[in-house]
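Please open the structure in a viewer and keep the sequence alongside. The stops below are given in the order in which they may be selected.

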Amino acid sequence: MVGPATSTRDREPPGHSPAVTVAAPAKVNLQLSVGPLHSDGFHPLATVFQAVALYDEVTVSPARPGAGVSLTVTGQSCQDVPVGPENLAWRAAVLLADTAGVSADVHIAVRKGIPVAGGMAGGSADAAASLLACARLWGLPSTRSDLTPLAAQLGSDVPFILMGGTAVGTGRGDRLTAALVSGAYHWVFALAHVGLSTPSVYGQFDALATAAAGPPRVSGDLMSALRRGDATAVGRNLSNDLQSAAISLRPGLRSLLELGEDAGALGSLVSGSGPTVAMLVADKDAAMSLTVLLSSSGLCSAVRYAMGPVAGAHVVRRERG
Ligand code: C5P
């Protein structure tokens, strides 16, 4: 657990500390079972996360004492990402600094490779990456268990992005257990022109009153298919309780899901709160054919191919600032 520490600025003079770059993966929910709204404003979940090989990169460099935090964002749809204190990477740096008792004097450069507002945890990836990069830059404890309590304060998906792999999430999705999984899974993601906000999709879920009567639970058939590495059975057991809500906000998603089915995908579903549609296919050749079909369909803005599961947020570079 991160606790108060003395400032590391004396040890690493500003401008000479190594900048730290962390890559953090996107996630897809293979199952998202959602219970009725709780009085804390959140919905109880039982979900199966998988980390996939689409990455945001966050580079944290030391700034002069008293400079505070500054942030830049580059990459696809970066104009839709806030660059002020509401940005999750910025909030992560401030939360860690406040908890550890150090000054948050850093420049944060975010390079987006994960769709923005796409239901793939792009903002959470930036928070997880910023936490890990700042902890390394400031010489603070930085194991996953050190950072997870702060990660959960920043967002429900942030602890999973630190963890990676495939995992079952309960509570808000932040209580994690690693899942036993064989094989590699080939995903094609159909991206939308405009994102969806997570709270609005949960709000629509409440309005449609589609929450199951019992507590949310993960499917035994899905977990055993994952254990066997049976991608066909995994595809059959993909499910997302937020899908109807996302479709009612974006009716065009239905045609995308139908296209995946007609094209022989093993399974298709809206990813998290959407609007990205995730399609599981048998292998790389099937992924390439589906990519061509989707790209020419006019139903989506872009298509990405990525495999899962992959590792969680990790340091990729340290260099002199
Ligand atoms: O935790 P996160 O910041 O990602 O949540 C964003 C919003 O999504 C919450 O404020 C809440 O409206 C909704 N949410 C929810 N139940 C969850 C996770 C998120 O209602 N388990």
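**First stop: Val 83**

Select Val 83, which counts as partly exposed at 48% relative accessibility. The model is a predicted one. Val 83 is placed in the loop between strand S3 (69-75) and helix H1 (88-100). Display its surroundings: leaving out residues up to four places away in sequence, Val 83 touches Leu 71, Val 73 and Trp 90. Then draw a distance from Val 83 to Phe 49. The two residues are 34 residues apart along the chain, and their C-alpha atoms are separated by 28 Å.

**Second stop: Phe 49 and the aromatic pairs**

Remain at Phe 49, which counts as buried because its relative accessibility is 1%, under the 20% limit. How many aromatic pairs does the structure hold? There are two aromatic pairs. In one of them, Phe 49 and Phe 160 are stacked, with 4.6 Å from centre to centre and 10 degrees between the planes. Colour strand S2 (residues 45-62) and helix H4 (residues 158-163): Phe 49 lies in the strand and Phe 160 in the helix, so the pair ties together parts that are 111 residues apart in sequence. Phe 160 is also buried, with a relative accessible area of 0%.

Select Trp 187 and Phe 189 next. These residues form a stacked aromatic pair, 6.2 Å centre to centre and with 20 degrees between the planes. Trp 187 is buried, with a relative accessible area of 0%, and Phe 189 is buried, likewise with a value of 0%.

Show the strands as a cartoon. An open sheet of four strands runs in the order S9-S10-S7-S11, and its pairing is antiparallel. Strand S9 (267-270) and strand S11 (302-308) are the edge strands, each pairing on one side only. From one strand to the next, the twist averages 25 degrees. Within this sheet, select strand S7 (residues 185-191) together with S11; the two pair in the antiparallel sense over seven bridges. Which residue in S11 stands opposite Trp 187? It is Ala 306.

Now display the contacts of Trp 187. Apart from neighbours within four places in sequence, its contacts include Val 28, Leu 30, Gln 50, Val 52, Leu 238, Met 279, Arg 304 and Ala 306.

Select Leu 96, Ile 108, Trp 138, Trp 187 and Phe 189. Of the 78 residues in the largest nonpolar core, these touch the most other members. Which helix gives the largest share of this core? Helix H2 (residues 122-137) does, with ten residues. For a second, separate core of 27 residues, select Leu 45, Leu 242, Leu 259 and Leu 294, which are among its members.

Is Ser 124 buried or exposed? Ser 124 is buried, because its relative accessible area of 11% is under 20%. Not counting residues up to four places away in sequence, Ser 124 touches Leu 88, Asp 157, Val 158 and Ile 161.

**Last stop: Arg 172 and Phe 42**

Finally, show the side chains of Arg 172 and Phe 42. Arg 172 lies over the face of Phe 42, at 3.5 Å from the ring centre.

Key: Residues are numbered from 1 along each chain as its sequence is written. This is a predicted model: local features need pLDDT of at least 70, side-chain atom pairs count only at pLDDT 80 or more; totals for chains, interfaces and linings use all residues. Side-chain values use heavy atoms; hydrogens and water are left out. Two strands pair if DSSP finds at least two bridges between them. Axes are lines fitted to C-alpha atoms, for helices over the stretch in contact, and angles run from 0 to 180 degrees between N-to-C directions. Rings of Phe, Tyr and Trp (its six-membered ring) pair if their centres lie within 6.5 Å; planes under 30 degrees apart count as stacked, over 60 as edge-to-face and the rest as tilted. Buried means under 20% relative accessible area, exposed over 50%, partly exposed in between (1.4 Å probe, protein chains only). A charge sits over a ring if NZ of Lys or CZ of Arg is within 6 Å of the ring centre and within 35 degrees of the ring normal. A nonpolar core is a set of buried Ala, Val, Leu, Ile, Met, Phe, Trp, Tyr and Cys residues joined through side-chain atoms within 4.5 Å. Contact means heavy atoms within 4.5 Å.
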